Amino acid sequence: PGSLGVVVKNRSTGMPMGDVTVKIKGPGACTEEGKTDSSGVRTFDNVREGAYTVTAEKGRFFIGTGNATVTAGSIGVTILLDPVQ
């Protein structure tokens, strides 16, 4: 297994966003969900190898999406959220 680290930032300010709901979907109907910490980071450990779709959502911000492929090690993905206009 590997790990998948997600960083969520505000696209306008570049600042990390805490308390964002992050969901991952991957191989074998794998789904997990969690919140980012105050540094905008959420790590999913012991995930199966393969391709994942990552979504992040918070209050008045749009949903951001990204893709990552987990191998035997670790992978990271950054998602930038735009405020709703």
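Predicted model: local features only at pLDDT ≥ 70, side-chain atom pairs only at ≥ 80, totals over all residues.
## Surface and model basis

Residues are numbered from 1 along each chain as its sequence is written, and side-chain values use heavy atoms, with hydrogens and water left out.

## Fold and dimensions

The protein chain has seven strands and zero helices (DSSP runs: strands E, at least two residues; helices H or I, at least four). With a radius of gyration of 12 Å, close to the 12 Å from the globule rule for 85 residues, the protein chain is as compact as a globular protein of that length (C-alpha atoms; the rule is 2.2 Å times the number of residues to the power 0.38). The C-alpha trace spans about 40 × 20 × 15 Å along its principal axes.

Of the 85 residues, 38% are buried (under 20% relative accessible area; exposed is over 50%, partly exposed in between; 1.4 Å probe, protein chains only).

## Positive phi residues

Most residues other than glycine have a negative phi. Ala-29, in the loop between strand S2 (21–26) and strand S3 (30–35), has a positive phi of about 60°. Ala-29 is exposed, at 69% relative accessibility.

Asn-46 belongs to strand S4 (residues 41–47) and has a positive phi of about 55°. Its relative accessibility of 64% makes Asn-46 exposed.
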